[in-house]
Amino acid sequence: MGGPPSDPILSGLVDALCVAKRPESTMIWKRSPKVQELLKGLGTGAIAATHEGLGTLPSRAAEHLRTLMEYHGLLPPRDRWLPRFEQWIDDKLIDLPTEVARPARHFATWHHLRRIRAIADAGGDTQPSVRSAKQEITETVKFLSWLRSTYGRTIETCTQHDVDQWIATGPTTRYTIRTFLVICKQDRLNTAVQLGHRAPKTTPSLTQAQRIAWISELLTGDSETLPYRVAGVLILLYAQPLKSIVRLQTSSIIDGNPMAITFGKHPVDVPKPFAQLVRDVLAHRTNLRTSGHGNPWLFPGTHAGDHLHPDTIMHRLRLIGMSNLGARNSALDDLVLECPPSVVADALGYSHQVAFLHAERSGETWARYAGRRLR
C-alpha cells in the first residue's frame with residue numbers, strides 16, 4: 001500500500017495486519033493477486049475503506065479485511081449474512097418464469113427477508129435463520145416449477161391433491177413448503193390448501209454403551225484433532241447443540257477445583273479426565289494467527305473475532321462416524337433420568353418443555369425420580 005497511509009482507517013488496518021500472531025501468514029496472504037488488487041485499490045482510494053467500498057470487490061480477501069476492520073473498530077459492525085442473503089434471492093429468482101418468481105419473491109421478501117432484517121437490527125445472529133430460509137425458498141421454487149410444468153397451474157389455482165402428490169412422491173425436505181403455504185393462506189393467495197407438520201418416524205440416538213465408547217475414544221484416542229474432540233465430548237456429556245458449542249467463550253470456563261463451564265443459568269462441573277482436554281484447548285486455540293489478540297471464543301473461526309461455523313464441527317464428527325443428533329439425544333435422555341428435567345434445562349440452556357419431552361420419552365416422571373432418590 002506504499003508509504004504510511006494518511007487515512008486513519010487505513011493506518012489502523014496496517015496496524016491490525018502487523019499485530020498478527022504469525023506475521024508470515026500475513027505475508028503469504030498478501031502474495032495473492034486478488035489481495036494485492038484489493039490493497040492497492042484501498043491505498044489509492046479507488047476502493048473506499050467502507051462496507052460499501054469493500055462490497056464492490058466481493059471476495060474472500062474483502063470479507064477477511066471487513067471482519068478484521070470490524071474487530072479492531074475501524075468499521076462499524078455489520079451483519080454479513082443479510083447482504084449475502086439479499087443477493088442470493090436475486091440470483092435464485094432471476095431466470096424463473098413469472099408464475100414461479102412472483103410468489104417466490106413475495107415469500108422470500110415479505111416473510112423471510114423482513115424477519116431476518118429485524119433479527120439483524122436487534123443485534124441477533126442471522127446465520128441460522130438465513131440457512132433455514134434458503135432451504136424453504138429453494139423447495140418452494142421447486143414446488144412451483146413442478147406445479148407449472150406438470151399441471152400448468154400456479155399457486156392461486158393449486159389444489160390439495162397437488163400438494164399431497166408433491167409430498168408423497170419426494171424426499172422429506174419437501175415438507176419445508178409448509179411455511180410458504182401458510183403465508184399464501186394469510187395473504188389470500190390460496191386458502192384451499194394446507195400441509196401439517198411432519199412427524200419424524202424415528203428419533204436418532206445412541207445406546208449407553210455407544211455413548212460411553214465415544215466418550216472414551218474422544219478423551220484418549222487420536223481419531224480427531226483436539227478442538228473437535230472437545231466439541232464432541234461437549235455433545236456427549238452435556239447434550240450441547242453445535243450452535244451453542246461454537247459460541248462458548250473462554251470466560252464461560254472457570255478453571256477451579258473442580259473446573260466448571262456455564263451453558264445456562266449456573267455452572268456445571270467438568271470431570272477431571274475431560275477438564276485437562278479443555279485446559280489444552282484453552283492453551284492452544286487455533287485460528288489466532290491472523291486475527292490478533294483478544295478473540296473471546298473457545299473455538300475461534302478463520303475470520304477476525306469470529307467463531308467456527310457449526311457445520312465445520314458437524315462435518316468433522318461425521319467423518320469419524322459420530323452422530324451429532326444421536327449423541328445429543330442420548331445425553332439429554334440420560335441426564336433427565338439423573339436430575340429433575342427443569343434443573344437439567346436451566347443448567348444446559350434448554351427450555352423446560354424440551355427437557356420434559358425427553359424425560360417423558362425416557363419413561364421417567366418427576367415423581368418416580370423423587371421416589372428413586374428417597375430409596
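Is Arg-188 buried or exposed, and what is its relative accessible area? Select Arg-188 to begin: with a relative accessible area of 68%, this residue is exposed, where exposed means over 50% relative accessible area, buried under 20%, and partly exposed in between, with a 1.4 Å probe and protein chains only. Arg-188 lies in the loop between α10 and α11 (208-220), and its phi is positive, about 65°, although the residue is not a glycine.

Before going further, note that this is a predicted model, in which local features need pLDDT of at least 70 and side-chain atom pairs count only at pLDDT 80 or more, while totals for chains, interfaces and linings use all residues. Residues are numbered from 1 along each chain as its sequence is written, and side-chain values use heavy atoms, with hydrogens and water left out.

Colour the chain by pLDDT, the predictor's confidence in each residue from 0 to 100; the chain average is 87, and 92% of the residues score at least 70. Helices (H or I, at least four residues) and strands (E, at least two) are DSSP runs numbered from the N terminus, and among the elements helix α10 (residues 178-186) has the highest mean pLDDT, 96, whereas helix α19 (residues 366-374) has the lowest, 46.

Val-35, Leu-38, Leu-39, Gly-41 and Leu-42 are buried in α3. They lie on the same side of α3 because they cover an arc of only 160° around the axis, the arc being that of the directions from the helix axis to the C-beta atoms. The face turned away from this buried side carries the exposed residues Pro-33, Lys-40 and Thr-44, and just after α3, Gly-45 takes a positive phi of about 90°.

Move on to His-51 in helix α4 (residues 51-55), which is buried at a relative accessible area of 7%. Its side chain makes a polar contact with the side chain of Arg-66 at 2.9 Å; a polar contact is a pair of N or O atoms within 3.5 Å, where, within protein, one must be able to donate a hydrogen and the other to accept it, and residues adjacent in sequence count only if both atoms are side-chain atoms.

Finally, select Ala-239 in the loop between α12 (226-238) and α13 (242-245), where this residue is buried at 0% relative accessibility and has a positive phi near 55°.
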